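I opened this notebook to look up how the parts of one protein meet. The entries follow the order in which I checked things.

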Amino acid sequence: MTGRPQTPPHAHGPAPYAAADANSRGRQFPEERPSYRSEFQRDRDRIIHSAAFRRLEYKTQVFVNHEGDLFRTRLTHSIEVAQIGRSIARALCLNEDLTEAIALAHDLGHTPFGHAGQDALNACMKEFGGFEHNLQSLRVVDQLEARYAEFPGLNLSFETREGILKHCSLADARRLGPVAERFLTKQQPTLEAQLTNLADEIAYNNHDVDDGLRAGLIHIDALREIRLFNDQYEEVRRRHPDLVDRRRIHETIRRMINRLVVDLVETSQANIAAAAPTDVDAVRAQAAPLIGFSDETRAANLELKRFLRTELYRHYRVHRMTAKAQRVIQELFTAFMDDPRLLPPEHQDYTRKLESEQGLPGRARAVADYIAGMTDRYAIAENRRIFDPATTS
Ligand code: MG
């Protein structure tokens, strides 16, 4: 990170308001302490060893996985969020391990085909409680990863689970219990959860600019209307007039990320200093998050987000892909709902189990779990296996 040199108030150790093993609310199923790791390191390690984490490699956000090898996938996105998040956490003397765990897990519940897939599955699940990727990420780590002998899911620490659950409706919060309590009591999550949320935003806005330019879906001339981009672009042109385009773009994006991170760190430091929380409970009791951008940077960031929404996410080529993806998901959902015997045996058993407990909504939830777990290419192949008579099942 470049910028003004900082002298954090707790340069020689974690801040008293940082999350720590000692102030953690613990795990749902009590376990012995790890021998050589912190509790949050253990969380991170369990996330990395999960099947859902490996599948992130073949899931996308804006572009479909087979469009090109250089585009971000959810795996590289999650790693970028972890990198940005850890830099911020370290600068603020917060818990880097917790930040990393939340960052690596935050997208585990995403469907294939990014937001298009989520919208399609949510529409399919409309009568059965809906589908929301944040809730699904929590469901993955709490229930769906069946890997450990002594507990269901990954049995992660409260603070990691709380950080994964970024948003939640009041109805869902009532159903979910302690992990969602803050939505009912209007409390804040840990500073680590707050910063990871914004690290996510910094990562995707910037890599979508990069991927969008590479794909030829957005253009430099249009981006130069956007302050956040243009300020850095002009600076790079002034300092390095002879750079080739690709390198100039990368240098511009690097500087955009840096500007956002520096602003976030400095604004948050000031917020923390003003609120002077003495511990994590004091952080939770704040009326608003303490981690945030300055007003000016928030406005500039919003301008970039709006630009990406209209120019990239609604581009007709992205929309064609989106429409195809929605059809793939909708067809799969209808087929499995109408005839669960089309499911692979272990998912049939799981579907029968949920259906015997909850009736038809249970069947729908099991089908949604199966579809949400698919990678882009698996969903396409499965759709072909079910609907194309010439494809072997
Ligand atoms: Mg994300």
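I looked up the spacing and found the C-alpha centres of domain 1 and domain 2 to be 27 Å apart. The bounds are 37-312 for domain 1 and 318-387 for domain 2; they come from an automatic or database domain assignment. I then listed the contact (heavy atoms within 4.5 Å): 29 residues of domain 1 and 27 residues of domain 2 take part.

I noted that this is a predicted model, in which local features need pLDDT of at least 70 and side-chain atom pairs pLDDT 80 or more, while totals for chains, interfaces and linings use all residues. Residues are numbered from 1 along each chain as its sequence is written, and side-chain values use heavy atoms, without hydrogens and water.

**Buried area**

Next I checked the buried area, meaning the accessible area (1.4 Å probe) that two parts lose on being put together, summed over both. Between domain 1 and domain 2 it is about 2400 Å², and carbon and sulfur atoms give 70% of it. On the domain 1 side, Y58, F113 and F128 lose the most area to domain 2, together 26% of what that side buries.

**Salt bridge**

Which side chains meet in a salt bridge? I found D369 and R139, at 2.7 Å, N to O. The rule (a side-chain nitrogen of Lys or Arg within 4 Å of a carboxyl oxygen of Asp or Glu) finds one salt bridge across the interface of domain 1 and domain 2.
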